[in-house]
Amino acid sequence: MVAKKLFVMLLAAAAVLASGLVPALGQAAVPAIPIGEEAAVRVYYPDDAMRIAVYLGFEPFVYETNYREGYHVMVLAQAEIDRLAALGLRIERDTVWMPPPVTGPLPEGITTIPSYPCYRTVEETYAAAQAIVTNYPALAGWLDVGDSWQKAQGPGGYDMMVLKLTNSAIPGDKPDLFITAAIHAREYTTAETATRLAEYLVSHYETDADAHWLLDYHEIHMMLQANPDGRKKAETGLSWRKNVRDNCWYSMPPNGDGIDLNRNFAFKWGCCGGSSGTACSSTYRGTTAASEPETQAVQDYMAAVFTDQRGPLDTDPAPAAATGLYIDLHSYGELVLWPWGWTSTDSPNHTQHQTLGRKFAYFNNHTPQKSYQLYATDGTTNDHAYGLYGVAAYCIEMGTAFFQDCASFESTIYPSNLQTLIYAAKVARTPYETPLGPDALSLLATPAGVPIGTPMTLSATIDDTRYNNTNGTEPTQVIATAEYYVDIPPWVGGALAALPMEASDGSFDAKSEAVTATVDTTGWSEGRHILFVRGQDANGDWGAFSAIFVNLEPTAVELERFEAWPEGSAMHVQWETAQEIDNLGFNLYRSSTRSGPKVQLNGELIPTRVPPGSPFGAVYDWIDGYRLRTGRAYFYWLEGVDLHGSLTLHEPVRVRMP
Ligand SMILES: [Zn+2]
């Protein structure tokens, strides 16, 4: 009876809540916060629209978002809690969340952001870039491309710097990937992700074939700290977003001083209600387009690396073969965003952006969507890059918090976005075409090293299905063909013709196919070679290349002469080598016919007479008196055994016993 009464009461409470008459279950769950104090709370949102509405309305108070469980972590006074509760939102005290430490000015010699050991400071980021240039001078340059607002005022502030990665020994006009990071100062994960991408590429140049060809044939430009003055503020634990221009009478970051650099870009600046004209607002666009020196540095660099491939009208598309890719790294939101942000109308290259966006999101598991779907923005980096130059342009909102904890950064955010950015580097040549095609995965050469002239097996998987389909479904096709190139990719003059790969199961009829080829190494030079593999789908779209290193060892034995002649009742077999690098010894066989069974004549290996590694040859003699018959012809076979255990059977000689 008691139980039934309780159940009825609960039903009644639920009905009241649903009717919206009593807004305050949230209130009841949160003990009142004393006047003048704030507390961390979880504000649960029922849907995406409310998530965005709360975020936009209360942005200065939102510290992170738990997308899985559907709540914002906010630090609020009782008055704000009441306002949110009035919307019918469920609100709970968050006793787990720790506020970012406010440390004040950073002491000298600080290493990493206090309490966030995974994120380097501005100075440490610059030092890391300088170290890359010092250690890999042929692969990296560190370019001064302007001044921060503070530096332009002098004293203090920073140079605006770009780390440019490419193998300068290989000349020519190369496809460009330009990445900016931390243009919003408090977004800790962004600069570190870009810095680590640079470190990954140069440190893997000699060991990872993809890093190698990306640096040989592409240019990767990274502005690791696009708002260094602001970042310096954010390193102290302030929720600083904008630059540090002194233009507001009060300061409660992200509101207060500064211009929102990502609303200050010239293209569609202030056009469409996607920014604020109020000086203290967190999305203040400034008094004129590109008023800020940081904005000018990014815009000028875009102008230097990208050529305009799009007509003057908003509706003019860039051609399918347009080249160049721009990515602005932000946090947070677990989103991959593309133009437009200023209008709900699709850009003329919307579908192509969507395809690459779904590919990016395959790797980082974020939600791919058009920027405007989040909320209207104008004067942004990626609308500017696409709008002016027609290059593919993205804003990636990584992770779930501005001050992202290091555990999730190290375990998920960095490794997954590294894959996204490596894929971006691969497709920068034709970002509107290549992402339509399949990926080349799991490249394997067996054995990975062979003597020159010995065949090896190259295998891979060609997969057309790797898209994030959480926001619509990307069309995919069966694999039609696969091919590989030796040493020189097809965009370089002098490339050899593509060599075909076959479906391992005999026919190309699936969206993911194992493929294989027998690689003929005859005539190759000694040392390292690189094989480039790609696949094509049934729509005719070629996907991105993946590459693998293989090693060609010197032929174990270079045979100068191999002959035999009768000598009395025996046969004299003699051979002479030109060199025997890596040779262990020989086996000698005899057969009566070319295809007949071979009798091994030596009991133990006939050892090499050449010291290991020396480039000499020797002469060897063997007297065969074993059961020879007069008038009969014999085949003698010589087999080299090298130090790695590979066997090389040389062409036989035929001789008749008189
Ligand atoms: Zn941002």
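Two strands count as paired if DSSP finds at least two bridges between them. With that in hand, let's walk through this predicted model, starting with a pair of strands. Strand β1, residues 39–44, and strand β3, residues 71–76, meet that criterion with six bridges, and they pair in the antiparallel sense.

Strands of a sheet pair through backbone hydrogen bonds, either parallel or antiparallel. Here four strands form an open sheet, ordered β2-β3-β1-β4, with antiparallel pairing. The edges are taken by β2 (62–66) and β4 (90–93); each has a single partner strand, so one side of each is left without a neighbour in the sheet. On average, neighbouring strands of this sheet are turned by 30 degrees against each other, direction ignored. Lying across β1, β3 and β4 is helix α4, residues 78–85, which runs at about 150 degrees to β4.

Next, turn to the nonpolar cores. The largest one has 128 residues, and Leu163, Leu201, Val391 and Ala424 are those with the most contacts inside it. Helix α13, residues 406–427, gives the most to this core, contributing eight residues.

Which residues is Val391 in contact with, leaving aside its neighbours within four places in sequence? They are Phe306, Ala322, Gly324, Leu325, Tyr326, Ala385 and Tyr386.

Terms used. Residues numbered from 1 in each chain as written. Predicted model: local features only at pLDDT ≥ 70, side-chain atom pairs only at ≥ 80, totals over all residues. Helix = DSSP H or I, 4+ residues; strand = E, 2+ residues; numbered from the N terminus. Axes fitted to C-alpha atoms, helices over the stretch in contact; angles between N-to-C directions. Contact = placed C-beta atoms within 7 Å. Core = buried A, V, L, I, M, F, W, Y, C linked by C-beta atoms within 7 Å. Buried ≥ 20, exposed ≤ 12 C-beta atoms within 10 Å, placed from the backbone.
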